[in-house]
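Keep the viewer open while you read.

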Amino acid sequence: MEKLLKTELKTSTLKAFGSSGGGYISRGQSYETDSGRVFVKINHKPQARKMFEGEMASLEAIQKTNTLRVPQPIKVIDLPGEGAMFVMEYLKMKNLNKHSAKLGEQIADLHLHNQKLGEKLKKEGNTVGKGAGHSEPQYVDKFGFHTVTCCGFIQQVNEWQSDWPTFFIRHRLQAQMDLIEKAYGDREAIELWSQLKLKIPEMFCDVEIIPALLHGDLWAGNVAEDDFGPIVFDPASFYGHSEFDLAIAVMFGGFSSSFFSAYHSKIPKAPGFEKRNKLYQLFNYINHWNHFGTEYRGSTLNVMRKLLK
């Protein structure tokens, strides 16, 4: 594997440093190379390339907005046999602490970036973007993403939709519930979901939703800082409703109140925010049920019942 890395990175130096870390999905190792330090994620599953390509596309999309710092993605490399490696810039990171409020502001800037492009377009009277392959981000008027991404190891379809509730129900909640039905055939969950599905559109009656580029998996384990400011990583990006990113941040803690107040000073809570936050939490509970098993069943059903009240 190290021989393959040397060849692919065109480096004569390849020296591992630090301990090899492992998340739930992939393991990681840092290396010294001729052109600086890199961090390599390794995954032996057959779908690893697809997963890493989605992450790379997400990092590139966030990077293009110039709102948030992310590690510079370098290359996805196939492993012999099965699996892949993802090479990115090494950043020496520590837990988010003093840059919490700054991260709140920058996440809001990320979420507002596409809206601002749209406003600029209107001002200039331009109706046509400059076409694919242009290096500057173009205004996006639909919900979705140009490639498949993974939330954990579950592939997410990001086919473009002009309507947010349709996208969210079809490509997020229904996709996850199909997996629950297949794995568990859980009658109660299926019954609650069939009732809830019909009620979701009314939660969006009075809100204007402009597609926002999202991080897509914004829990405390995917944010950090260094001396220069906050850093985010492991995204599963798509264009969606800005509120979606806040649900997992609330659920699992790790974000101080200064993060949320800085965020909401730029994007105030719209009417119905709390109920929709529960709806977005539901996605994360079902996703966790699919990843980690039935310990998340109770929370999933509780949230469904609350949303039906």
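Let's start with Glu82, which touches His44 and Pro46 if residues up to four places away in sequence are not counted; contact here means heavy atoms within 4.5 Å. Glu82 is found in the loop between β4 and β5 (84-89). Helices (H or I, at least four residues) and strands (E, at least two) are DSSP runs, numbered from the N terminus. With 47% relative accessibility, Glu82 counts as partly exposed; buried means under 20% relative accessible area, exposed over 50%, and partly exposed in between (1.4 Å probe, protein chains only). Gly18 is 64 residues from Glu82 along the chain, and the C-alpha atoms of the two are separated by 26 Å.

A word on what you're looking at: this is a predicted model, where local features need pLDDT of at least 70 and side-chain atom pairs count only at pLDDT 80 or more, while totals for chains, interfaces and linings use all residues. Residues are numbered from 1 along each chain as its sequence is written, and side-chain values use heavy atoms, with hydrogens and water left out.

**Helix packing**

Two packed helices are described by the angle between their axes and the distance between the axes. Axes are lines fitted to C-alpha atoms, for helices over the stretch in contact, and angles run from 0 to 180 degrees between N-to-C directions.

| Helix pair | Axis distance | Angle | Crossing |
|---|---|---|---|
| α6 (residues 244-251) and α7 (residues 257-266) | within 12 Å | roughly 165° | left-handed |
| α8 (residues 273-292) and α9 (residues 297-308) | 9 Å | about 155° | left-handed |
| α3 (residues 100-124) and α7 | within 7 Å | roughly 35° | right-handed |

As for the handedness, a crossing is left-handed if the near helix is turned anticlockwise from the far one by less than a right angle, and right-handed if clockwise.

Take α6 and α7. On the α6 side, the contact is made by Leu246, Ala249 and Val250, and α7 brings Phe259, Phe260, Tyr263 and His264. Sorted by type, the residues of this α6 with α7 contact are six nonpolar, one polar and no charged. For that sorting, Ala, Val, Leu, Ile, Met, Phe, Trp, Tyr, Cys and Pro count as nonpolar, Asp, Glu, Lys and Arg as charged, and the others, Gly among them, as polar.

Leaving aside residues up to four places away in sequence, Leu246 touches Phe259, Tyr263, His264, Phe273 and Asn277. Leu218, 28 residues from Leu246 along the chain, has its C-alpha atom 7.3 Å from that of Leu246.

Next, α3 against α7. From α3 come Ser100, Ala101, Leu103, Gly104, Glu105, Ile107, Ala108, Asp109, His111 and Leu112, and from α7 come Ser258, Phe259, Ala262, Tyr263 and Lys266. That contact of α3 with α7 divides into eight nonpolar, four polar and three charged residues.

Over at α8 and α9, the two helices are again roughly antiparallel to each other. The α8 residues making the contact are Lys275, Lys278, Leu279, Leu282, Tyr285, Ile286 and Trp289, with Arg297, Ser299, Thr300, Val303, Met304, Lys306 and Leu307 from α9. The count for α8 with α9 is eight nonpolar, two polar and four charged.

**Cysteines**

How many disulfides does the structure hold? The answer is zero, taking a disulfide as a pair of cysteine sulfur atoms within 2.5 Å. For Cys150, the nearest cysteine sulfur is that of Cys151, 8.9 Å away. Cys150 counts as buried at 10% relative accessibility, whereas Cys205 counts as exposed at 58%.

**Positive phi**

Most residues other than glycine have a negative phi. Lys10 has a positive value, near 50°, and lies in the loop between α1 (2-9) and β1 (14-22). Asn66 also has a positive phi, near 55°, and is placed in the loop between α2 (48-64) and β4 (73-78). Lys10 counts as exposed at 71% relative accessibility, and Asn66 is exposed with a relative accessible area of 71%.

Technical notes:
Parallel < 35°, antiparallel > 145°, perpendicular 65-115°, else oblique.
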